[in-house]
Amino acid sequence: MERLRQGLVLVIVGIVLYFLVREQGSGSGGVILALIGSAFMVFYALTNQSGYLVPGGLMTGLGIGIDWPHAWWPGFQGSTVLVGLGLGLLVVWVGSRRGEGHWALASGVVLLLVGALTGVGDIMAFLSLWWPVVVAAIGLWVILAGSRKAS
């Protein structure tokens, strides 16, 4: 289970770095914040010390939230910070040991919902654009729920 957790953290860091490098011209400082957070995530994956997980997830999520509106979500503006922090907290939940991350799951879901609902005037427009991500998230949840029960 530890290998799966560490692997997921590294996959998330890789995806974050890919998109941040792609958007490096925005100049808002979110890239640097996300890179520092990603470094914390790498230290967590290498050492398995949970002290790196929370700042890594929060800083990476905040960095993504700051830079996201420029290219991907022009209608969201400031609410992308809430969405980014929610995603960062979900990363903390995924990486946390069994029974320790429920606070991050609850907080992350609330921030994601508030950010999505305040940023989208028409929920159908949001769903028509992002329904594949919702399907992928449900699939990830099914995988994680099954692996937690197996161990």
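The expected span of a helix is 1.5 Å times one less than its number of residues. Helices (H or I, at least four residues) and strands (E, at least two) are DSSP runs, numbered from the N terminus. The structure is a predicted model: local features need pLDDT of at least 70, side-chain atom pairs count only at pLDDT 80 or more, and totals for chains, interfaces and linings use all residues. Residues are numbered from 1 along each chain as its sequence is written, and side-chain values use heavy atoms, with hydrogens and water left out.

The protein has 6 helices and 0 strands. Along the sequence, the pattern reads α-α-α-α-α-α. Helix H3 covers residues 53-67, which makes 15 residues. At 1.5 Å a residue, H3 should span 21 Å. The C-alpha atoms at its ends lie 21 Å apart, so the two values agree.

A residue is buried under 20% relative accessible area, exposed over 50%, and partly exposed in between (1.4 Å probe, protein chains only). Of the 151 residues of the protein, 36% count as buried. Several lie in H3, including Leu53, Gly56, Gly57, Thr60 and Asp67.

A nonpolar core is a set of buried Ala, Val, Leu, Ile, Met, Phe, Trp, Tyr and Cys residues joined through side-chain atoms within 4.5 Å. The largest such core holds 14 residues. Val9, Met41, Leu53, Trp93, Val94, Ala104 and Leu144 touch the most other members. Helices H1 (2-22), H2 (30-47) and H4 (79-95) each give two or more residues to this core. H4 gives the most, with 5 residues.

Contact means heavy atoms within 4.5 Å. Neighbours within four places in sequence aside, Leu144 is in contact with Leu8, Trp93 and Val94. Among contacts in the protein between residues at least 6 apart in sequence, 62% join residues at least 24 apart.

Val42 is found in helix H2. This residue is partly exposed, with a relative accessible area of 29%. Not counting residues up to four places away in sequence, Val42 touches Leu10 and Val13. Val42 and Gly14 are 28 residues apart in sequence and 10.0 Å apart in space, C-alpha to C-alpha.

Accessible areas come from the Shrake-Rupley method with a 1.4 Å probe; for residues, only the protein chains shown count as cover. The accessible surface of the protein comes to about 8,200 Å². Carbon and sulfur atoms account for 74% of this surface. Val142 is found in helix H6 (residues 123-150). Val142 is partly exposed, with a relative accessible area of 48%.
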